[in-house]
Amino acid sequence: MTTWTLECSACDPVRTRNTDGFPGVCEVCGSPYLVRYASLPSPEMKVQLRRQRWTMWRYDMWLPLADGEHPITLGEGGTPLLKIERLAARHGFDHLWVKDESSNPTGSFKARGLAVAVTRAVFAGAKQFVVPTAGNAGIALAAYATRAGAQARVYAPATTPRTILDQIRAFGGDLMLLDGHIGDCGIAARLHADDTGAIDVSTLREPYRIEGKKTLGLELAEQLGWTLPDAIIYPTGGGTGLIGMWKAFQELRQSGWLRGPLPRMFTVQASGCAPVVQAFETGAERATSWADPQTVAAGLCVPGPLGDRLMLRALRESGGGAVAVSDEALVEAAHQLQVAEGIDASPEGGAALAGAVSLLRRGMLQPHERTVLFNTGAGWLYRA
């Protein structure tokens with residue numbers, strides 16, 4: 001049985017709390033809680049993975065599961081790591097891979113985080129959930145809440161791609177469309193949670209979505225023989241994937257499972273909504289909310305991410321960086337992944353490729369380095 005506590009990511013001295021009930025953000029400062037384990041698996045426990053199915057739950061020893069707790073699962077994780085040699089040669093890379101999250105249930109990496117968040121909340125007695133979404137998180141919550149026999153209220157911008165909205169409804173989500181952006185939807189979600197007691201599983205407003213996203217890093221490490229690439233290029237909106245992977249890498253190193261150095265982490269945002277890039281470039285510890293967020297990459301349209309401090313910490317600790325790309329560049333890059341490599345990349349996945357090309361041209365990446373891009377979702381979700 002895994003045991004853990006929750007630790008505020010910002011309070012100094014560090015504030016901790018137990019895992020009772022439905023933990024949200026820190027009661028003192030409003031920052032996200034992070035899961036801290038009493039102990040981590042020893043390297044000898046790698047042998048147990050041979051008996052596990054190729055889903056993210058093969059890493060159950062690394063995840064917050066109580067005695068007698070069973071995952072709410074649709075078979076998430078176990079996504080391919082694909083070498084892209086044609087585009088690597090075209091753009092000047094020697095070693096370039098895509099970690100393709102489009103094969104997850106519900107079509108995106110959001111399945112990982114929502115599977116763990118719903119599992120934990122249902123174990124504590126939750127029957128209702130709410131989430132604001134730019135699209136993919138809403139689909140995932142609707143599906144996993146239905147899987148658990150619970151209800152899901154989803155707030156989404158009215159500009160969200162129609163195919164995504166249809167998927168939310170198809171999985172039984174109670175969909176509410178608002179004029180505005182995801183920040184406006186977040187306010188509505190919190191009001192709904194206060195009024196009804198629904199569990200708010202917004203990005204980083206509960207501690208367990210990060211643990212699900214952490215499996216991105218665990219899986220990547222295993223696929224590369226318990227080594228890591230030189231650089232990871234990650235399209236970033238709310239940032240749970242970036243934060244979760246950096247947490248995974250720290251835990252893997254602490255426990256002795258890894259060989260070699262940790263990767264440099266790079267975030268990519270759309271130039272029409274780039275609060276983390278702006279904060280990184282100016283040396284700020286927090287991001288300033290983006291005044292007029294505009295991008296076709298719905299998952300990147302997050303003007304004021306709650307995890308800004310944690311993202312910036314990961315970028316700087318890893319020696320990485322941040323880059324913004326235009327909508328034209330990310331759309332073209334997604335098209336390249338589709339027609340040159342057969343990967344149905346979302347606009348966010350296109351942003352990762354466009355960002356990598358920009359970083360290479362600036363000299364922030366080197367051609368010989370092993371570089372992994374993340375395609376966080378399926379392109380078909382954005383096509384009417």
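Mentor: A charge sits over a ring if NZ of Lys or CZ of Arg is within 6 Å of the ring centre and within 35 degrees of the ring normal. The charged end of arginine 120 is placed in this way over the ring of tyrosine 208, 5.2 Å from its centre. Arginine 58 has its charged end over the ring of tyrosine 59, at 5.7 Å from the centre. This is a predicted model, in which local features need pLDDT of at least 70 and side-chain atom pairs count only at pLDDT 80 or more, while totals for chains, interfaces and linings use all residues. Residues are numbered from 1 along each chain as its sequence is written, and side-chain values use heavy atoms, with hydrogens and water left out.

Next come the ring pairs. Rings of Phe, Tyr and Trp (its six-membered ring) pair if their centres lie within 6.5 Å; planes under 30 degrees apart count as stacked, over 60 as edge-to-face and the rest as tilted. The model has 5 aromatic pairs by this rule. In one of them, the rings of tryptophan 62 and tryptophan 257 have planes at 85° and centres 5.1 Å apart, so the pair is edge-to-face. Tryptophan 62 is in the loop between β3 (33–37) and β4 (81–83), and tryptophan 257, 195 residues apart from it, is in the loop between α7 (240–255) and β11 (264–270). Helices (H or I, at least four residues) and strands (E, at least two) are DSSP runs, numbered from the N terminus.

Tryptophan 226 and tryptophan 257 are also an edge-to-face pair, with 5.1 Å centre to centre and 80° between the planes. Tryptophan 226 lies in the loop between α6 (209–223) and β10 (231–235), and tryptophan 257 in the loop between α7 and β11, so this pair ties together parts 31 residues apart in sequence. Trp62, Trp226 and Trp257 form one aromatic cluster. Tryptophan 62 and tryptophan 257 are both buried (under 20% relative accessible area; exposed is over 50%, partly exposed in between, with a 1.4 Å probe and protein chains only). Tryptophan 257 counts as buried because its relative accessibility is 0%, and tryptophan 226 counts as buried at 11%.
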